Amino acid sequence: MTDSKVVPFNPLDKRHLGESVGQAMLRQRITPLADLKSFKGAGLYAIYYKGEFPAYQLIAERNRNGAFSAPIYVGKAVPKGARKGGSLETSPGTVLYGRLMQHKKSIEEAENLNIEDFHCRFLIVDDIWIPLGESLLIAKFHPLWNKLIDGFGNHNPGKGRHEGQRPRWDTLHPGRTWAERCQPRMETASQITREVVDYLRNNPPPEDDSMITS
């Protein structure tokens, strides 16, 4: 019988590094999105929902009573110029806070969501680790607004640039003025809702937020 090959643990493996960043983010305190105060830094964040929107009840149940184990969205905010090879010494300013405030505004403008039902946690981290941590968190939690309902993180494309289709997020959660100027989708909010229900049935939110993997 051939001995099975044992792979030595490598703490610098990118998966382990990503899990370390993800675990650090998940240890941060929960803050109501409506109450967030300005801060400086770039990094990762997760947004949690615990309201009464019917299609999201499997998610909401995981986040009630202080559990907050199933983010509905995971994202990142990198320093300006980072994607273009900017200086490592460039101050990120309030880029992470600003990104969360953009999300807060989107939720407040939605006709069928309540900002009081949303909480967040975030981690300020050196920008070299941000994409890796985000990727691992999305792979762990399969957040609904990352995986199925695209468009939550979209920006206004600008004057005269609304020829594209309205994002699925805005079809399900109408209210953002710029999205109303985009071209309507063929699919309806009812059709997207059925997709959400099926998706959550087949991909139930985790009951805990551990990043530990086999």
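How many aromatic pairs does the structure hold? The structure, a predicted model, holds 13 aromatic pairs. Rings of Phe, Tyr and Trp (its six-membered ring) pair if their centres lie within 6.5 Å. Planes under 30 degrees apart count as stacked, over 60 as edge-to-face and the rest as tilted.

In this predicted model, local features need pLDDT of at least 70 and side-chain atom pairs count only at pLDDT 80 or more, while totals for chains, interfaces and linings use all residues. Residues are numbered from 1 along each chain as its sequence is written, and side-chain values use heavy atoms, with hydrogens and water left out.

The rings of Y49 and Y56 have centres 5.6 Å apart and planes at 85 degrees, so this pair is edge-to-face. The rings of F53 and Y56 have centres 4.7 Å apart; their planes stand at 50 degrees, so the pair is tilted. Y49 is buried, at 2% relative accessible area. (Buried means under 20%, exposed over 50%, and partly exposed in between, with a 1.4 Å probe and protein chains only.) Y56 is buried at 0%, and F53 is buried at 13%. Y49, F53 and Y56 belong to one aromatic cluster, which also includes Y45, Y73, F118, W145, F152 and W169.

Four strands form an open, antiparallel sheet in the order β1-β4-β2-β3. Strands (E, at least two residues) and helices (H or I, at least four) are DSSP runs, numbered from the N terminus. Two strands pair if DSSP finds at least two bridges between them. Strands β1 (31-32) and β3 (71-77) lie at the edges; each has a single partner strand, so one side of each lacks a neighbour in the sheet. Strands β2 (residues 43-49) and β4 (residues 118-124) run antiparallel and are joined by seven bridges. Y45 stands opposite F122 in β4.

Two helices pack on the sheet, with contact meaning heavy atoms within 4.5 Å. Helix α3 (residues 95-109) touches β2, β3 and β4, and its direction makes about 25 degrees with that of β2. Helix α4 (residues 130-141) touches β2 and β3; its direction makes about 170 degrees with that of β3. Axes are lines fitted to C-alpha atoms, for helices over the stretch in contact, and angles run from 0 to 180 degrees between N-to-C directions.

The mean pLDDT of the chain (the predictor's confidence in each residue, from 0 to 100) is 86, and 83% of residues reach 70 or more. Confidence is lowest in helix α1 (residues 14-26), at a mean of 75, and highest in β1, at 98.
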